[in-house]
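Biologist: I am new to this one, and I would like to go through it step by step. Could you show it to me before we start?

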Amino acid sequence: MKYSYIRPRKKSILTSELQLLFSFFSITILMLFLTYFFLVFKDYRFEQNTNEIIEKKANLEIEIQQMKKQITFIEKEVLLAERITTKNTILKDSISNLFDLVPQRITLSQAKLLKNGLILYGITPNKDVYNFMLQAPLRSIFHRTYSSFFPTENGWLRFVSTNYIDEDEMSLKASNEDKKHQEEQVDED
Amino acid sequence: MKINISRQNIYLLSLSIFLLLFVLVFSFSVLIPKGKEYRVQRTALHKDTVEFRRYEEFANSTLDKLKELQSENAHIITAFDKPFNPDRFQKQHSPYFTSLKLSQKKPLADEDEFSVYEVNTTSSINSPKSFYDFLDALNKGDWIIGINFPINFKRDHELISSSFTMRVYNTKKISAE
């Protein structure tokens, strides 16, 4: 027996209001979770990047240290090479000056260049020529000069001239000159 | 006055409140702190990146300086790295001498990072000028060599016989090989 003229509607738990509610909140919650996962992922990436940067920085620091060492070493090499080149050039000039110093009337038979001295062997027509033309300039260069003569068969004299520079005096002179230079600089200031 | 709310509406309302509360609690307790952490880490990373770039720039400038030094002083660096070869030396410098003889190289005490060898030389020259030319050539040669005292010149008929010692400088790694 029927009590109604209309057909009964099917009742569902998900009513239209509930569907709306669920769809609204599901979108909201999905967005929240997505944001959360985005932040977690970004944090993870940041951490990775930071570690990478720290590692690269450490490597760079090692590289910089090595390069600095290389630079210092090359600078040392250049300094030493320049020192040696200058020493050779000075030596060349000294030998050239020495041979220029010997007058034509005196003939050298041997020359020994020492670290702090010079020994010359040779022949001179007489003592005066030697004294005025060779010993005088040698005396102005060296601190101590000794000469000895031996007569030869033709009447000329064979001589040995030994000349030394006192290194103590040289260093004293150098320090005095340094002091003078410093005083001059102070006066100028 | 009686408010008539259906049971279904009450369920709906309570569910809405529950979900809203969940959203609020999740946002304030998890999302916002995480966001703050994100900002802090982003700032820290930016700082690290800037510092790293500065390091990179410094490393690049140091590398440029090193390369410049290496290219400017290539001859000196190669000369220090080259082991001394007496035969080659004789071949290179024999034009300056009538005769040139070298003794075996003798190791001396190291100077800082350089090893030093001494080579005794006996030679004959026509004139002192040959010796000056030899000294000039030595400064441009393949090795770093310094002429050392004592230097002896002796007249030998038309020639001048000379004897002197040379100091050859090498980097330590080369001398160790």
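Modeller: Gladly! A word on terms to begin with: domain bounds here come from an automatic or database domain assignment. Please also keep in mind that this is a predicted model.

Biologist: Thanks! Which domains does the assignment give for chain A, and what distance separates their centres?

Modeller: Chain A is assigned domain 1, residues 31-101, and domain 2, residues 105-176. Taken over C-alpha atoms, the centres of domain 1 and domain 2 of chain A are separated by 54 Å.

Biologist: In what pattern do helices and strands follow one another along chain A?

Modeller: Chain A has 3 helices and 4 strands. Read along the sequence, they follow the pattern α-β-β-α-β-β-α.

Biologist: What percentage of the residues of chain A count as buried?

Modeller: To count as buried, a residue needs 20 or more other C-beta atoms within 10 Å of its own. Of the 189 residues of chain A, the share that counts as buried is 8%.

Biologist: Which element gives the largest share of the side of chain A that touches chain B?

Modeller: The contact takes 51 residues from chain A and 55 residues from chain B. On the chain A side, the elements that give two or more residues are α1 (16-101) and β1 (107-113). The largest share, 42 residues, comes from α1(A).

Biologist: And which residue of β4(B) is the bridge partner of Gln110(A)?

Modeller: β1(A) pairs with strand β4 of chain B, residues 144-156, in the antiparallel sense over 4 bridges. In β4(B), the bridge partner of Gln110(A) is Lys154(B).

Definitions and conventions. Residues numbered from 1 in each chain as written. Chains lettered and ligands numbered in written order. Predicted model: local features only at pLDDT ≥ 70, side-chain atom pairs only at ≥ 80, totals over all residues. Contact = placed C-beta atoms within 7 Å. Pairing = 2+ DSSP bridges. Buried ≥ 20, exposed ≤ 12 C-beta atoms within 10 Å, placed from the backbone.
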